[in-house]
Amino acid sequence: MKRILVVEDNDRNMYLICFILERMGHETIRAETGEAGVELAIREKPDLILMDIQLPGIDGQEATRRIRLSDEGKDVPIVAITSHAMTGDRERLLNVGCTGYIEKPINPETIMREIASFLEAKP
Amino acid sequence: MARIDDVIAVGANGKAYMDFFNEAHQGQIQSITRVSEKGIILYTVPNKSSIGSDISGQKHVREILTGHKPVVSDVFRTVQGKDGVALHVPVFRGREFKGTIAIVVDFENLARRYIEVIRVGETGCAWVVSHNGTMLYSPVPGFTGRSIFDISREYPSLAVFAKEMVRGGEGSSSYEFDRIGPRKVAPFREHGVFLPIRLGNTFWSVAVASSEAEVVASLASFRNRLILAMCAAIFGGVVLSAMGVKAFVIVREEGKRRQAEEGLKESEARYRELFERNPAPILIYEKGTFRILSVNEAFLSVYGYDAVDVESLRLPDLYPEGEKEAIVALAARLTGHAYVGEWHHIRKDGSIMAIVVMSHDITYRGCKARIGVITDITERKRAENQLSELKETLEEKVHLRTAELEKANATLAELDRLKSLFIASMSHELRTPMNSIIGFSGILLQGLAGPLNPEQEKQLGMVMVSARHLLELITDIIDLSKIEAGKIALSVEPFDLVKTARETMDGFRIQAEQKSLSLAFEAPERLVIEADARRVRQVLINLVGNAVKFTEKGNVSVSVEETGGTATVSVRDTGPGIRPEDMGMLFRQFSQVGTPESPKHEGTGLGLYLSRKLANLMGGDIRAESAYGRGTVFIASLPVSRGKDSS
């Protein structure tokens with residue numbers, strides 16, 4: 001069982017992602033804003049962060065950058081959740097410190113597979 | 001002729017006739033002689049003693065005996081002691097020469113009768129020499145009968161004259177001489193002319209001479225008379241021609257003057273007519289005083305004045321108060337040149353009209369004046385004003401319309417901005433619920449939320465398909481908006497096109513197997529190109545997806561190749577094909593090409609349009625070839641290297 005931080009402003013998406021993660025047997029920590037995400041990432045030191053990019057306030061990119069600046073968050077895998085329309089920003093996402101990304105719409109099968117692989121890759 | 005025959009025969013009759021002839025011409029002839037063909041005197045009157053003597057030795061007798069032509073002897077001293085000349089004429093019996101009949105003429109007598117009468121003025125005289133130079137007659141006593149060459153020993157210049165004479169020609173010359181008739185005088189120069197008189201075998205040369213003084217005098221007098229006559233003639237001529245010329249000139253001048261006068265009268269009348277009847281008002285004013293000197297009929301009728309009114313008018317009176325000063329100042333400056341200006345004139349009734357006046361200097365009845373032709377431009381001015389009002393209105397309208405258009409433009413720009421903003425925000429807002437729908441459907445279908453009965457699973461599957469279609473539609477519309485707004489960002493990087501194409505085709509394997517379509521792939525091992533891999537994938541998914549979707553049996557094949565820096569991916573199917581007339585519709589937005597019998601396929605109608613736009617964005621293109629009823633091939637081409645024209 002791992003502790004996974006989910007940063008997502010839409011409560012249905014939050015519910016969806018968390019439902020899948022919990023079915024996989026993981027513990028979820030939830031943040032609905034970028035700021036909260038950064039705070040929880042530092043305080044709770046999760047094993048993985050799923051970061052929605054389009055967020056009110058500071059967006060996913062900025063939140064990721066801030067997490068990476070902290071000692072607590074410099075090594076944690078951060079997987080961006082992005083939409084098809086955002087593909088132009090993939091390099092940018094990796095540059096600011098994202099480990100990988102998952103595209104919307106979320107397919108339970110895919111997300112389960114991807115998360116498993118990111119968790120295994122962690123040293 | 002009987003008498004001549006008698007004389008020839010020298011019978012009694014002949015002798016008697018000769019006697020008679022001699023007596024009848026006493027004083028003129030000295031003798032008449034019949035000479036035989038041998039030169040023997042057969043008979044002669046009056047000196048019968050010489051009958052029987054032979055005269056054939058004499059030169060002129062010898063000439064006639066041999067020549068049978070009349071001869072004249074030189075002057076000789078006859079037996080009577082007188083100077084005579086013998087004339088011999090030949091006589092014939094039949095053709096037989098029978099000798100001559102000779103008459104000796106008393107020369108002095110002859111000369112006196114014929115030559116002495118030739119007198120020229122006071123000093124003129126005539127003289128005759130025979131061809132051998134014997135002086136046959138000379139007014140100087142003692143000279144006749146002598147040789148002229150003997151005489152001219154004393155007068156050398158006469159010798160020269162004489163030589164010319166005996167040559168037989170005619171001419172004129174001069175010589176020194178000292179006799180006038182019998183008188184001996186001081187030597188003088190004598191001018192003479194000579195000419196020969198032909199006489200049978202010989203000639204005599206007759207000279208007529210006159211003293212130089214007399215010749216010159218007569219010539220001088222002739223000359224004087226000639227000069228006088230010439231002078232008179234010339235003078236007369238000059239006077240005459242002068243008179244003639246004068247008369248001619250006078251006549252002509254008179255004619256011209258009359259013509260000019262007539263012309264002047266005519267042109268005066270013409271100009272007066274032009275002035276009086278001119279439809280434009282015309283006035284003439286005196287310079288300096290500005291007194292109106294004359295106006296025409298049109299002026300009176302337009303201005304409402306009568307002729308009496310005009311007499312007291314001055315130019316400024318025609319102008320309204322505001323222009324009086326200006327027109328006086330201007331008119332004072334005007335000289336010669338034509339002036340054109342726009343002013344206002346007041347009619348007698350006080351109404352004001354806008355005018356154009358053209359003026360020029362003239363002399364009028366000895367006065368320095370100026371003539372002005374006036375055009376009433378009131379109507380024109382009104383039209384101009386209307387026009388300018390219209391123009392202003394129009395400008396106003398244009399201004400207004402421009403402002404409206406600007407406003408509309410601004411609104412449009414704002415709308416465009418709002419549209420972009422809307423799309424950008426909607427892209428997120430539309431996707432988010434789709435994510436929920438698709439995500440939860442997925443969870444339920446996977447049984448993560450508990451088991452489903454078959455009907456629930458079937459219906460939830462339909463929700464899933466519809467949701468995916470809707471998401472696809474939304475995504476396409478958003479992509480399209482971005483492309484058309486020029487806001488799409490490409491992520492160009494090198495990638496293996498073969499791998500991308502193979503993966504794309506593999507993604508449709510399940511779908512193809514469900515329709516029993518075989519998939520074929522043909523490509524080199526690797527082909528790395530520079531492009532946006534995700535966009536290329538998007539294009540290929542569209543092309544392969546279409547091929548699988550529309551093909552009911554047969555196969556779909558994908559091939560990748562590179563030629564000359566261009567990579568092509570061909571997607572070939574054995575589907576229904578496209579009618580030639582529908583080929584143009586292929587790449588249009590919201591259009592689907594189908595056949596009446598083929599089922600309506602689900603799609604946005606944006607796929608091919610968007611794919612081609614994306615290919616174009618990456619410097620490539622998509623084209624299609626089709627055989628209707630047999631299949632279609634879509635060929636996407638992309639540059640291998642983006643090179644320098646990287647977006």
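Student: What share of the contacts in chain A with a separation of 6 or more comes from residues 24 or more positions apart?
Tutor: Such residues account for 61% of those contacts. Two residues are in contact if their C-beta atoms, placed from the backbone, lie within 7 Å. This is a predicted model, in which local features need pLDDT of at least 70 and side-chain atom pairs count only at pLDDT 80 or more, while totals for chains, interfaces and linings use all residues. Residues are numbered from 1 along each chain as its sequence is written, and chains are lettered from A in the order in which they are written.

Student: And how many residues of chain A count as buried?
Tutor: Of its 123 residues, 39% are buried, that is, with 20 or more other C-beta atoms within 10 Å of their own, those atoms being placed from the backbone.

Student: Which pattern does chain A follow along the sequence?
Tutor: The pattern reads β-α-β-α-β-α-β-α-β-α, from five helices and five strands. Helices (H or I, at least four residues) and strands (E, at least two) are DSSP runs, numbered from the N terminus.

Student: How many residues does each chain bring to the contact between A and B?
Tutor: Chain A brings 21 residues and chain B brings 20 residues. On the side of chain A, the elements that give two or more residues are α1 (11-23), α4 (90-95) and α5 (108-121). Of the elements of chain A, α1(A) gives the most, with six residues.

Student: How do the residues on that side of chain A divide?
Tutor: They comprise seven nonpolar, eight polar and six charged residues. Here Ala, Val, Leu, Ile, Met, Phe, Trp, Tyr, Cys and Pro count as nonpolar, Asp, Glu, Lys and Arg as charged, and the others, Gly among them, as polar.

Student: Switching to chain B: what is the strand order in the open sheet of five strands?
Tutor: The order is β12-β11-β15-β14-β13, with antiparallel pairing; two strands pair if DSSP finds at least two bridges between them.

Student: Why is one side of β12 and of β13 left without a neighbour in the sheet?
Tutor: β12 (292-295) and β13 (339-346) of chain B stand at the edges, and each has a single partner strand, so one side of each lacks a neighbour there.

Student: Over how many bridges do β14 and β15 of chain B pair?
Tutor: Strands β14 (residues 352-364) and β15 (residues 367-376) of chain B pair over ten bridges, in the antiparallel sense. B:S359 has B:G372 in β15(B) as its bridge partner.

Student: What about the hairpin of β4(B) and β5(B): which residue takes a positive phi?
Tutor: B:G94 does, near 65°, and the hairpin has two residues between the strands. Nine bridges join β4(B) to the antiparallel β5 (residues 96-106) of chain B, where B:T100 stands opposite B:P90.

How values were computed:
A residue is buried if 20 or more other C-beta atoms lie within 10 Å of its own, exposed if 12 or fewer, and partly exposed in between; C-beta atoms are placed from the backbone.
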